[in-house]
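Please read the following note alongside the sequence and the model. The points are numbered so that each can be checked in turn.

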Amino acid sequence: MMLPAVTGTEKMDDIDAMFSHLLGEIDHLSQSLSETTEGVPASQRRSTFSIGFTDLNESLNELEDQDLDALVADLRSESTTSQVPTDQQTSGQTNNQTAESSVTQQSEPALPPLSNSAGSSRGLQMTEPQTKEDKIKLALEKLKDSKMIVKVLMSDGSSKTLMVDERQTVREVLDKLFEKTYCDCSVDWSLCETNPGLQIERGFEDHEFLFEPLSAWPHESENKIYFVSRPEKYVMFKDPQLFYMRKKKASSSGINEQAKQLLLKEQFGGPTVIVPDLEGTLFLKEDGKKVWKPRYFVLRASGLYYVPRGKTKSSSDLACFIHFEKVNIYTTINYKQKFRAPTNFCFMLKHPLIQKESDYIKFLCCEDQHTLLLWVNSIRIAKYGNVLYGNYQAAMKRAAPTLQTLHSAAQTEKSHGHVEDYPHESPPDFIPPPPPPPHGHMQV
């Protein structure tokens, strides 16, 4: 029996039908994940108090003395505050009981109301922990779900231990690390998460509350946090011509500072951000297979779109590939070996709660490093808009005193003729930034 011939058009229609069905599943997953976690505090979705340690006791021991003191003081303050309503309520109940007693038993003198506030204060003073062991014991008893102890790895192999609460942004944690490491306050410094299982990494955005993405990590996760310098973090603001003047010679030759500022004002000065005009062929990994197929993608403010087979690049023919609201963008490490990608310049789009391989993860591959830089950072612009530019302005403001100090020192040395005092080495007080991280970070 002969099977009916299948035309090329029918094959392409089947592929697009399967592709559209998959997109529907992705949207369904995003909605279900949001419904599952909506209204649930991050602290209740988290299964551990510490990140980067075997247990909470170990993390508390790693805290520096001043940080442990601050944690204990904060916890005791919260405990005292939580007792105030109880004390007032107890006092009010005692007053009511005393008043009722005085009405029913006129012969008995009314007793003054009891108050626990003074006694509580004296008790707190009496039980003030003195040794580090006492402080750790108190912290273990009172540590709330709104706080976690985090180990942040440095590029030189060392680490810093920080207390992070649910109100702290990444920008505030970076400021704390600046104080602990005495490094410069360059806008390039970033906090990055790595997932060894998926071989991916992502730089946290400065406006994010660090507590929230860390709470999505599973118990005993091998994920890590690094404090690293990433020159590509704000490349779209330092060299906006790469994104907004790509078709002009200025994108490669560069423009002066005044022209950059005018370009930034034009693209980011209004109520809505203008997303870079970016489109081109990317390789899409097929689900469950180490097979990559080329697709023509177009970036829009509302999401990433593709051109279906047999269609044109006109807006009416574009099909939505994914919206950015519920996914984050990650760069990958050595996917040419792991998944037989055409190149190692790949990125991933996934929901932050997905922590292992899944059909709901989308893998895309670029032809070269520059193309990867354009796509990753243009998607960040589309996802975060003016918030991203606000992050950059805040980082520049934070770095300004350091830059001013270095500039003044250079001018002073020049005026005193001390420029040649250290011809082959850095001055004694200069602390250079650490080398690139040793675990295989890929600069994009």
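**Notes on the predicted model**

1. Y234, F237, Y244, F268, Y389 and Y392 make up one aromatic cluster. Rings of Phe, Tyr and Trp (for Trp, its six-membered ring) pair if their centres lie within 6.5 Å; planes under 30 degrees apart count as stacked, over 60 as edge-to-face and the rest as tilted. By this rule there are 14 aromatic pairs. In the pair of Y335 and F363 the ring centres are 5.9 Å apart and the planes stand at 45 degrees, so this pair is tilted. Y335 belongs to helix α13 (residues 335-338) and F363 to strand β13 (residues 362-365), so the pair ties together parts that are 28 residues apart in sequence.

2. On the source of the numbers: this is a predicted model, in which local features need pLDDT of at least 70 and side-chain atom pairs count only at pLDDT 80 or more, while totals for chains, interfaces and linings use all residues. Residues are numbered from 1 along each chain as its sequence is written, and side-chain values use heavy atoms, with hydrogens and water left out.

3. The chain has 15 helices and 13 strands. These are DSSP runs numbered from the N terminus (helices: H or I, at least four residues; strands: E, at least two). Of its 444 residues, 42% count as buried. Buried means under 20% relative accessible area, exposed over 50%, and partly exposed in between (1.4 Å probe, protein chains only).

4. Among contacts in the chain with a separation of 6 or more, 65% join residues 24 or more positions apart. Contact means heavy atoms within 4.5 Å.

5. Which residues touch the most other members of the largest nonpolar core? They are L304, F347 and W375, in a core of 45 residues. Helix α14 (residues 369-384) supplies the largest share of this core, 9 residues. A second, separate core has 23 residues, including M148, L177, L191 and L210. A nonpolar core is a set of buried Ala, Val, Leu, Ile, Met, Phe, Trp, Tyr and Cys residues joined through side-chain atoms within 4.5 Å. In soluble globular proteins, nonpolar side chains tend to be buried together.

6. Leaving out residues up to four places away in sequence, L304 touches F297, V298, L299, C320, F321, I322, F324, L349, L364 and W375. L214, in helix α8 (residues 211-215), is buried at 1% relative accessibility. Beyond its neighbours within four places in sequence, L214 contacts I51, M148, V150, F204 and I225. L214 and I51 are 163 residues apart in sequence, and their C-alpha atoms are 7.7 Å apart.

7. Q369, also in helix α14, counts as partly exposed at 38% relative accessibility.

8. How many salt bridges does the structure hold? The count is 17, where a salt bridge is a side-chain nitrogen of Lys or Arg within 4 Å of a carboxyl oxygen of Asp or Glu. One of them joins R171 and D175 at 3.5 Å, N to O. Both residues lie in helix α7 (residues 170-181), 4 residues apart, about one turn of the helix. R171 is buried, with a relative accessible area of 13%. R171 and D175 are also linked with D206, K233 and R398 in a network of salt bridges.

9. E208 and R202 have their closest N and O atoms 3.0 Å apart in a salt bridge, and both residues are buried. In the salt bridge of E286 with K293 the closest N and O atoms are 3.2 Å apart. E286 is partly exposed at 26% relative accessibility, and K293 is partly exposed with a relative accessible area of 40%.

10. A charge also sits over a ring: the charged end of K285 lies over F339, 4.8 Å from the ring centre. The rule is NZ of Lys or CZ of Arg within 6 Å of the ring centre and within 35 degrees of the ring normal.
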